Amino acid sequence: MQTLVLNASPRKAWNTAKLLKSAAEGAKSAGSEVEYMDLYDLNFTGCRSCMLCKRKGAQRCHCYWKDDLSPIIDKIFRADALLIGTAIYLGRPTSRYFEVLERLHFCALSYDDYSNYFTGKVNVGLFVSMNASKEFYDKLYKDAFEGYARELQMLNGEVCLYPCHDTLQVADYSKYNMAGFDAERKRLSREKNFPRDLENAYQIGQRLVRKTCE
């Protein structure tokens, strides 16, 4: 069993990373080998439209561009489970997240009939962390992020979207010009809710790996 964990947030030790690491522990507990990567440490771009993956006789579901992402695309298609996380920036996933999804989709997309070349099955956990409250997310973000989750159905497995609301942005708000936030309320929210989010992430990682064994 192989689980690939991709952190598409630039922060390597904060909310999104913590959720992913908890999910990774859940995957390990279910017997999977786990590989964890911080995508902002790597050198890559979105799709260059080089069309190498569309050549006649080319290997399908393989990106030919020579950078740090191409071997990760191969690993995604070989994995049993993918755990990927992003923060919400300006109402959307991070740029790194979009770059991965562009490349992943394009090399698996047939330009003959627009079908999916990928015939395997990878279960996916999509973890989304945000400063926004649950009410704000449900009103303004939920539909869009459920759409982003549906894009991952091209991996033919179960897709689980987990939104983590009202996260603590910094450890000490007094050091920043962030008067628009109630620091004490944010701290109390984290103390109350984030341990539950971490436990839920653990359970998702565990469950998605176990489903690949069924």
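Student: Which residues line the second largest cavity?
Tutor: The model is predicted: local features need pLDDT of at least 70, side-chain atom pairs count only at pLDDT 80 or more, and totals for chains, interfaces and linings use all residues. Residues are numbered from 1 along each chain as its sequence is written, and side-chain values use heavy atoms, with hydrogens and water left out. A cavity is a set of points, on a 1 Å grid over the protein atoms alone, where a 1.4 Å probe fits but cannot get out, and lining residues have an atom within 4 Å of a point. For the second largest cavity these are N15, C164, H165, D166, T167, L168, S189, R190, N193, F194 and D197.

Student: How does the lining of the second largest cavity divide by class?
Tutor: Ala, Val, Leu, Ile, Met, Phe, Trp, Tyr, Cys and Pro count as nonpolar, Asp, Glu, Lys and Arg as charged, and the others, Gly among them, as polar. On that basis the lining has three nonpolar, five polar and three charged residues.

Student: Is D166 buried or exposed?
Tutor: D166 lies in the loop between β5 (156-164) and α5, and has a positive phi of about 55 degrees although it is not a glycine. Buried means under 20% relative accessible area, exposed over 50% and partly exposed in between, with a 1.4 Å probe and protein chains only. Because the relative accessibility of D166 is 10%, this residue counts as buried.

Student: How many charged residues are in the lining of the largest cavity?
Tutor: The largest cavity is lined by C47, R48, S49, C50, M51, C53, C63, W65, R103, F106 and C107. By class, eight of its lining residues are nonpolar and one is polar. The charged residues number two.

Student: What is phi of M51?
Tutor: M51 is in the loop between β2 and α2, and its relative accessible area of 34% makes it partly exposed. Most residues other than glycine have a negative phi. M51 has a positive value, near 70 degrees.

Student: Which lining residues are closest to the centre of the largest pocket?
Tutor: A pocket is an open set of grid points with protein on both sides within 12 Å along at least five of seven lines. The largest holds about 210 Å³ of space. Of its 13 lining residues, the closest to the centre are R11, N15, A87, Y89 and T167.

Student: Which side chain does E99 join in a polar contact?
Tutor: E99 sits in helix α3 (residues 95-106) and counts as buried because its relative accessibility is 18%. A polar contact is a pair of N or O atoms within 3.5 Å; within protein, one must be able to donate a hydrogen and the other to accept it, and residues adjacent in sequence count only if both atoms are side-chain atoms. At 2.8 Å, the partner of E99 is R96.

Student: Which elements do the buried residues of α3 pack against?
Tutor: The buried residues of α3 are R96, Y97, E99, V100, L101, R103, L104 and F106. Contact means heavy atoms within 4.5 Å. The buried residues of α3 pack against α2, β3, β4 and α4 (134-151).

Student: Which residues does F118 touch, not counting residues up to four places away in sequence?
Tutor: F118 lies in the loop between α3 and β4, and is buried because its relative accessibility is 9%. A108 is in the loop between α3 and β4, and is buried because its relative accessibility is 1%. With sequence neighbours up to four places away left out, F118 touches C61, F77, A108, M154, L155 and N156.

Key. Helix = DSSP H or I, 4+ residues; strand = E, 2+ residues; numbered from the N terminus. Points joined across faces, edges and corners; volume = space filled by probe spheres on them.
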